[in-house]
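Please look through the structure below with the following walk-through at hand.

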Amino acid sequence: MPTTMHRSSSKLKLLKLAYQYVVNNVMTLILTLGMVAVSMHLYRAGPEELVAMVQSLNVSSVQVLTSTFLVVFVATVYLMSKPRTVYMVDYACFKPPFTFRVPFATFMEHSRLILKDNPKSVDFQMMILERSGLGEETCLPPAIQYIPPNPTMADARAEAEQVIFSAVDDLLKKTGVSPKEIDILIVNCSLFSPTPSLSAMVVNKYKMRSNVKSFNLAGMGCSCSPISIDLARDLLQTHPNSNALVISTEIITPNYYQGKERAMLLPNCLFRMGCAAILLTNKRRLGSRSKYRLLHIVRTHRGSDDKSYRCVFEEEDRDGKVGISLSKELMRIAGDALKSNITTIGPLVLPASEQLLFLASLIGRKIINPKWKPYIPDFKQAFNHFCIHAGGRAVIDELQKSLDLSAEHVEASRMTLHRFGNTSSSSLWYELSYIEAKGRMRRGNRVWMIAFGSGFKCNSAVWACNRNISGRDDGPWADFIDRYPVHIPEIVKL
């Protein structure tokens, strides 16, 4: 019986492969057959018949000139209206110093001392940490490691300067681009928004030009990196021959919750230090040596729904202590946002075979039987690599199940969560760096970045790789990539 079922499954797989090949290459097959038919007809006609056919056209010189002008005009309009290609020249991620690491024992010892009057909150944090998927080498800023923590504005600025300047320094060194060559600057940090802004801090540090177009995005959550990329793309469409520097980070120092509300203690267990700096350009000169080119950005915002709006909410607890409250319905809301995002991005990236199956399933459910299970498109047909926001083990598990991904497809996300924790909007870039460090990125590969954030938002970015990449010699994974992947148990007993 098992042998029969295996044979049947193999036949179905072969049938689906044949279907995909025929449907996805139908235009190529039609054009090939058409060219063969025309070639055979011309071959049989002979030279005399071909000359007679040309002479019978009776085309005047005026008609030739008009046709030529029309072709040139249409081509010019097309080229002028075509969106400029946006390239990602390179990127760099902040690598925290070893002295900032927070092993589980240290974290729990601090929790017991800080929450000594509330043992239930300590036990809750231990339970979360045991199941979090984080490892022993994630890092927190020094101000959080004091007993008791005493975060100040000066400490928060010091953290911002350290993570941002380190990432930008590495990026400028890798690309050879001068700060004076930056035309557009975008910094996104959700929870720390000082005056002057973080973007002004970067302009001051690197002595950028007075006409640099700077933007500072705050309060937009962990999904803000694709939003920043989207803003940079729009600006690069209207400003030719320009470079854009995008910086994605989250400053932990002023946002460590010291109360006892469980919904607000959860972020303490997951969020860690991180930052990424990305150089985008529309210059062809830089584009020729860039790593990737941007294909699509798709943004989904569910803020019109009250539950979605409040599922990640900064507020005061009953004792007046400020924290980020995470709703129990967060995963359901994230799933709904993902479905909306998939509906939009699917037609842009999926091959014709998957789109036809999805359409057939939709029509069948509408007309024949509403109880039919909806067809989930196989996004593995569209993408080679997946960078899923490392927001937590539950987020990665849910997306792996929803998109029917293999363990290797989500390996970058799980290992990033294990080694660096949830670094908020920059986590996508640590994941991309992992794929590169493993030597898996090849020319023509397509990458799907998926991020979730407060509001509630689900944002996607699609990149195409321009060349074979091996990032073993630099980047945040350089010193320990050979140790990964590691086995991550369901529960780590503390």
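**A buried strand and a buried helix**

In strand β11, W463 is the bridge partner of V447. The model is predicted, so local features require pLDDT of at least 70 and side-chain atom pairs pLDDT 80 or more, while totals for chains, interfaces and linings use all residues. Residues are numbered from 1 along each chain as its sequence is written, and side-chain values use heavy atoms, without hydrogens and water.

Helices (H or I, at least four residues) and strands (E, at least two) are DSSP runs, numbered from the N terminus. Two strands count as paired if DSSP finds at least two bridges between them. Strand β10 (residues 446-453) pairs with β11 in the antiparallel sense over 8 bridges. The hairpin of β10 and β11 has 3 residues between the strands, and G455 takes a positive phi near 135° there. Strand β6 (residues 292-301) also runs antiparallel to β11, joined to it by 9 bridges. R299 stands opposite N459 of β11.

Buried means under 20% relative accessible area, exposed over 50%, and partly exposed in between (1.4 Å probe, protein chains only). Because 9 of the 9 residues of β11 (residues 457-465) are buried, the strand is largely enclosed by the rest of the structure. K457, N459, A461, W463 and C465 point one way, and C458, S460, V462 and A464 the other way.

Helix α17 (residues 411-420) is mostly covered, with 10 of its 10 residues buried. Among them are E411, R414, H418 and R419. The cover over the buried residues of α17 includes β9 (385-388), α16 (393-403) and α18 (427-437), where contact means heavy atoms within 4.5 Å. G421 follows α17 and has a positive phi, near 75°.
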